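Here are a few exercises to work through with the model open in your viewer. Try each one before you read its solution.

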Amino acid sequence: MKILIVILRHKGGVGNANRELARCLRKRGHQVDILSREDDLNIYGMLDGLIPLREKIIELEQQNIYDIIYTNDYSMTLSLLFPYHIYKNKHICCFCGYKLRDRGIHHVLQHFVGWKMGKNLVVIGDNIKEKFPKATTIYRGINFDKFFNKNMERKYIGLIKRDTETLTEEEIKEIGKKTNLPVLIAEDIPQEKMNDFYNKLKVFISTPKCGGWNNSWNEAMACEVPLIIGNEIGGGRILPLEKASDVELCTKLILSSNLNEGGSLYRKWLKINDFSWDAKSKQLEEFFNEVKFR
């Protein structure tokens, strides 16, 4: 198949996930092109990009005659829906997160796109599937060759600095003081160096407010961090994480855990349950074929 993947930007979780999926799909014999609105067109606003992105997709489609056009996020998808839907029989949308009601027009637009795409919609988590029951769920994966246990000295509580976390940097430092563990904050670390970050950790904490899968949990699990604390958002519903939501609960979990043990069970769980990117790309390929021959 010839596949065009359309994303907002290369940087970040959605960009990383689609690069991994593209890599695995290419291994499976498919031609995969990736178009980023921000990186390739230098357009940063949804309204500003609506028509230019549509025109660029049309240009690429005329050059390559794609079998599948896979738009990620409702704002990318709108370019093919406005002013009328084009490439209906080959257009698939992926929702990588969910906009809550307090996001106003964004919440409304996502629901409009979800309704319009119907069965041609992929979602990456159970919380999004509940909102769009016609969608097909394909969870996020992990690159086991990129994220693994390097047997480094582990001594930190780790946090990735981002505005979607419920526990603040100050609260994580408070947990560190109560558990006598120093805190290591990841900020603007290149993806290729994240494996070293996780390998320095005895504890990884990520409790997002909302979003999609939160693939940092997969990464920490693959690196065998001894204790991973999360919540019920996204992948947290099915991943075997410890759950906590505040300083007191996190502190109790850490103090009651044997942090000298390896987290090998986390990695084994991912492998047993087929969370490799190869497995996820195969699921996506099967869905593409289903849509293509529907």
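**Exercise 1.** This is a predicted model. Take the salt bridge between R162 and E165: how far apart are the closest N and O atoms, and is E165 buried or exposed?

*Solution.* Start with the distance: the closest N and O atoms of R162 and E165 are 3.0 Å apart. That is within the 4 Å cut-off for a salt bridge. Next, look at accessibility. R162 has a relative accessible area of 31%, so it goes down as partly exposed. E165 comes out at 8%, and because buried means under 20%, E165 is buried. While you're on salt bridges, pick out K161, E169, K173 and E187 too: bridges with shared partners join them into one network.

**Exercise 2.** Which parts of the chain does the salt bridge between D278 and K27 link?

*Solution.* First check the pair itself: the D278 and K27 side chains meet at 3.3 Å, N to O. Then place each partner. D278 sits in helix α12 (residues 277–292) and K27 in helix α1 (residues 13–27), so these are distant parts of the chain, 251 residues apart. Finally, the surface: D278 is partly exposed at 37% relative accessible area, while K27, at 55%, is exposed.

**Exercise 3.** How do the axes of α3 and α4 cross, and which residues meet?

*Solution.* Get the geometry first. The axes of α3 (residues 46–64) and α4 (residues 74–81) come within 8 Å, crossing at roughly 60°. That angle makes α3 oblique to α4. The crossing of α3 past α4 is right-handed. Now list the contacts: α3 brings M46, G49, L50, L53, R54 and I57, and these meet Y74, S75, M76, L78, S79, L80 and L81 of α4. Sort the contact residues by type and you get nine nonpolar, three polar and one charged.

Note on methods
Residues numbered from 1 in each chain as written. Predicted model: local features only at pLDDT ≥ 70, side-chain atom pairs only at ≥ 80, totals over all residues. Heavy atoms only, no water. Axes fitted to C-alpha atoms, helices over the stretch in contact; angles between N-to-C directions. Helix = DSSP H or I, 4+ residues; strand = E, 2+ residues; numbered from the N terminus. Parallel < 35°, antiparallel > 145°, perpendicular 65-115°, else oblique. Left-handed = near helix turned anticlockwise from the far one by under 90°. Contact = heavy atoms within 4.5 Å. Nonpolar A, V, L, I, M, F, W, Y, C, P; charged D, E, K, R; others polar. Buried < 20%, exposed > 50% of the residue type's maximum accessible area, 1.4 Å probe, protein only.
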